[in-house]
Amino acid sequence: MRFLLLPWLFFLSLHQSFISFSNISVHSLCLNDQSSLLLQLKESLSYNNSTSLKLVSWNSSTDCCKWKGVTCDGSGALVTGLDLSSESITGGINNSSRLFDLGYLQSLNLANNNFNSTRIPSGFGGLGNLTYLNLSNSNFGAQIPIEISRLIRLVNLDLSSHFPGFLSLKLEDPDLKTLVRNLSSLIELRLDGVNISAHGGEWCQALSSALPNLKVLSLSSCYLSGPLDSSLLKLNSLSEIRLDLNNISAEVPEFFANFSSLTSLHLSSCALNGEFPERIFQLPNLQILDMSINQNLKGFLPKFPRNGSLHTLLLDETNFTGELPDSIGNLKLLSKLKLVGCSFHGSIPSSIANLTQLVLFDFSSNNLSGPIPPLGFSENLTQIILAHNRFTGPIPSSHWDRLVNLVNLDFRNNSLNGTIPSALFTLPSLQKLQLAHNQLTDQLPDFSNLSSPLLDTLDLSSNKLKGPIPKAVFELGGLKILTLSSNNFSGTLQLSMIQQLGNLSSLDLSYNSLSINTTGSNSVLSSFPQIGTLKLASCNLSVFPDFLREQSKLSFLDLSNNQIHGSIPKWIWNIGNGSLAYLNLSRNLLEDLERPLPDLSSSLLAILDLHNNLLQGPITLLPPSSIVLDYSNNNFTSVIPSNIDKYLVFTIFFSLSGNKLRGEIPKSICNANYLQVLDLSNNSLSGLVPPCLADMSVTLGILNLRWNNLNGTIPRTFPDGCSLRTLDLNKNKLEGQVPRALANCTRLKVLDLGNNQINDTFPFWLQSLSLLQVLVLRSNRFHGSIEQHSETNQTFHGSIGHPENNHTFPALQIVDLSSNYFTGSLPSECFSRWQRMRISKDEALPKFKHWIIKFRFLELSQLYYQDAVTVTSKGLEMELVKILTVFVSIDFSSNRFEGEIPEVIGTLESLYVLNLSHNALTGRIPSSLGNLKQLESLDLSQNKLNGEIPQQLESLTFLSSLNLSNNRLEGKIPQANQFQTFSEASFEGNIGLCGRPLATNCTGAEVASSSPPTFEETGSKSMIEFDWKFIWTGLGFGGGVGMVIGPLMFWKKGRKWYAEHIDSVILMILPSAAGLLYANCDDGRVDAEEMMEELAEIEGDFDEDEEDEEGYGGRFCVLCSKLDISRKRAIHNPNCTCHGSTPIPSSSL
């Protein structure tokens, strides 16, 4: 029997093997239903065959488990993963889609497609085995369906969109709490761009209570608010937090430092504030820290531990400050370091050389100073950006050969000097070299045959480079942008040299000493590069270059500040085949426009600048598409066309100032709905101010009608929402009162109604204009007190200031009420509330240095309107064409003010000019005026002031003009510091004054600095004893004087010789007295530029072309000037005629 059993067992074994083999053969292919479902899915989808890499390859002849984007289970029969990301799918997935029949799916990726803002189908809820779902950047829209919350096995959910559209995803019903409450297995949650709209406590608690295992939380741009709730601490496994672009508006919580597993923290653009917790920097695993674009977030860089993990540190546009610590060199893994737009100061530590992995190095827009250290420490560096700092010294000349990967080198806007190292032009990967706005000198180095073949941008503008432009520059065949403007390059440039730069798209050679030879053969003209931007301002051009006719792509053309004369050719309007958008022909000698003019109805010309030419005749307005039209300072003599609105359809800036226009302002100009700047000043326009101009003030920012012959009244209605920043009606014939509706213009900064015939009391309601910086009411018929009295007889001091408002006129810096009929006392309470004038020099310079009052009328451009104002300083009326925000002036002269000068004026520490002359002021000169350390001009003349001149005024070392004449002052004139420089005219008309420069000598009692000794102190014996050596000295001196003076009284020629030679005699005896001599001048003029020159020190480097002079600067007058007490600045006799001269070199003193 056993022998019979053996064959049977063998048969069973063989059969089992066959069955097993059969099973293996069947399950090596995916099931037919799986393959069929995928093919049906493919047929239903809308996608681009030409860009598809996955769907296009699916076909029934191959195993579906081998199709691109398809993953099967371990048996190879069931589809468990589907990746159709980036397949350009545009539709075909809805609730009936075969996709939702793939019930075994565990992973689904539809990212980076475009489903045209359709809803996420609810069918996703039927894929219950999903652990990974990625629908990111697929342009699904509207409400996220609640069915997503049923996918309880999800470990990774990504519904993010980094390009959210109008119909972006949102979580309202269900909300975030409902969506995640059953998803306890989630480890990664990415909902960037989903509109969640929840406050801090709500969304923080919803996550922390439902997702205990969460490691990655990414909710950028989700309309979340703060503060961040401490319940987030429950998520102690978090390794990545991304909350960028939410309005958190709170401090960074200290508890973030407790997330020990944190590797990445992104909180950029969250409106964060307060102090950044230093402990976060110490997290041991932190690799990425991005706090950028949080302007109110303060902090300091800590002492970094050795071998830190950080490889990305982004703090740009925050308020981090302090010095860069030496320990920054401990971050040896750092590859990206951006500290742009912070407040770091000091030098770059030498330990930066330890950052050998650094790829991006951007410290731009800080206050860093000192020399730039050698930068060859990392071969990986692709970008070095140190622009907009205060670095000094030369550019390092060594180690550049190591930077073989450097693409961008940007040192713009510093104070670097010396020569440009030739090695910079040899960097093999360099594409952009930007060294503009420094003080680099000498000639460019010769780098022929050594230059980088990839260099496409070379910007060396606004330096002090000189000599001819090297030929090697024009051998940089890859150059697209070449900017060499505002240097001292010289010589003649041939067109054929520029012709070699075949890829050039932008060329700027403006403001050098170059001459450009614009003539050339037809072949040169026709093969000239097709440039998009061409700037040849101040290039000694006398004609329009012929090669411009052939330019088909030119959109920006600047030929300003040349000597081009004659007519503007009609072909210029066709440059660029209609693509010309910017044309600047200002500051030439152009006289008219060649006619007939072409049809410009389809022109794209947006900015047309023809100011400061000799254009004459009727106004030619063109084209209708212009945004900026500047025809100022020409000789146009016509009236403004009645249909002018047809040419100002899109115009934002329109100026006809400085012409000879006549007639009335046409009402049609009010139909220019986009106007922000309207300047018709300095003409001969007459008639009324159209009331509709006031209605335009909702959009109008600047209305300047000064220096015309306009009459009538100021328009009475200025609407709510008035946007005026400047209203200038000076020098007209306007009457009536100041309209109260101006109070609606809450943005007003400059209000100039001077030199009219306005008859009104002081407009007290102006106090509501908190931004007002300049107020001029001079030379009108204003009257009454500037102390407003209520019905209950309560005094509201300052009229210009109301006691209920402690910050009346906080920004006021120039106030001129002169030449009116104001009466009463000076408003002391008012002065105490002018906050801007009370700022000291140390406070003012950081806040206001380099600023001028201006109005930027075209966003994202450098175009702005610059206000001007006429002030009286040093007895001279002058126009400030730049109103520096550091210039502070009060002029209440030529009124009928009475009473004492308030002591509180001495607290206005920013004052440059104080004029209270020609009033009826009484009492003493306040000693507090000695606190006005910036004061340059003080005029208290023609009053009834009494008492002595305060000795405290001697401390006013910047005082260069003083007039105390025609008062009732007495005592000795102070002799120290600036008082040595003032003439007799400064003190005349004060009978009781004595001492230099007056001829009246002081008696013993007047010069005594202290009380005489008493009888008890000296003893009675001193009354009867004589010291004969003093008596003999007196007799000797008297005799000598008699011998000199006596003959001069009777000898006419002797007196003449004395007058001519006495100065020379004194110089031989007392050489050091040279600076104290004055000549008699017959002209009392003071150059109007003197004040602006004295402001130059404060204006600093506002003018980018200004060069510092060695030695002593200033304006010098022949025999009328001396150096002030610091021997750094010229002080002038105001009665002398000044002439410009070279500053005295230091070696001559």
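Strands β55 and β61 (residues 896-900) run parallel and are paired over 3 bridges, where pairing calls for at least two DSSP bridges between two strands. Strands here are DSSP runs of E with at least two residues, helices are runs of H or I with at least four residues, and both are numbered from the N terminus. Within this pair, Thr823 has Arg896 of β61 as its bridge partner. On to another partner of β55 (residues 821-825): strand β51 (residues 783-785) is joined to β55 by 3 bridges, again in the parallel sense. There, His783 sits opposite Tyr821.

Before going further, a word on the model. This is a predicted model, so local features need pLDDT of at least 70 and side-chain atom pairs count only at pLDDT 80 or more, while totals for chains, interfaces and linings use all residues. Residues are numbered from 1 along each chain as its sequence is written, and side-chain values use heavy atoms, with hydrogens and water left out.

**The chain as a whole**

The protein chain carries 16 helices and 70 strands. It has 1149 residues, and 50% of them count as buried, meaning under 20% relative accessible area with a 1.4 Å probe and protein chains only (over 50% is exposed, in between is partly exposed). Among contacts in the protein chain with a separation of 6 or more, 58% link residues 24 or more positions apart, a contact being heavy atoms within 4.5 Å.

| Strand pair | Bridges | Facing residues |
|---|---|---|
| β22 (390-394) and β24 (415-418) | 3 bridges | Thr392 and Ser415 |
| β43 and β45 (684-688) | 2 bridges | Gly663 and Leu685 |
| β45 and β47 | 3 bridges | Leu688 and Asn711 |

Asn512 is in the loop between β31 (506-508) and β32. Is Asn512 buried or exposed? Asn512 is buried, at a relative accessible area of 9%. Its side chain reaches the backbone oxygen of Leu484 at 3.0 Å, and a polar atom of that side chain lies 3.2 Å from the backbone oxygen of Ser510. For these polar contacts, the cut-off is a pair of N or O atoms within 3.5 Å, one able to donate a hydrogen and the other to accept it; residues adjacent in sequence count only if both atoms are side-chain atoms. Leaving out residues up to four places away in sequence, Asn512 touches Leu484, Ser485, Ser486, Asn487, Asn488, Phe489 and Ser538.

Leu427 sits in the loop between β24 and β25 (432-434). With a relative accessible area of 2%, Leu427 is buried. Which residues does Leu427 touch, not counting those up to four places away in sequence? They are Trp400, Leu403, Leu406 and Ser452. Leu427 and Arg402 are 8.9 Å apart in space, C-alpha to C-alpha, and 25 residues apart in sequence.

The largest nonpolar core has 276 residues, and those touching the most other members are Leu82, Leu99, Phe124, Phe361, Phe411, Leu509 and Phe892. Such a core is a set of buried Ala, Val, Leu, Ile, Met, Phe, Trp, Tyr and Cys residues joined through side-chain atoms within 4.5 Å. Helix α4 (residues 200-210) supplies the largest share of this core, 4 residues. Beyond its neighbours within four places in sequence, Phe411 has contacts including Ile372, Leu375, Ile384, Trp400, Leu416 and Asn438.
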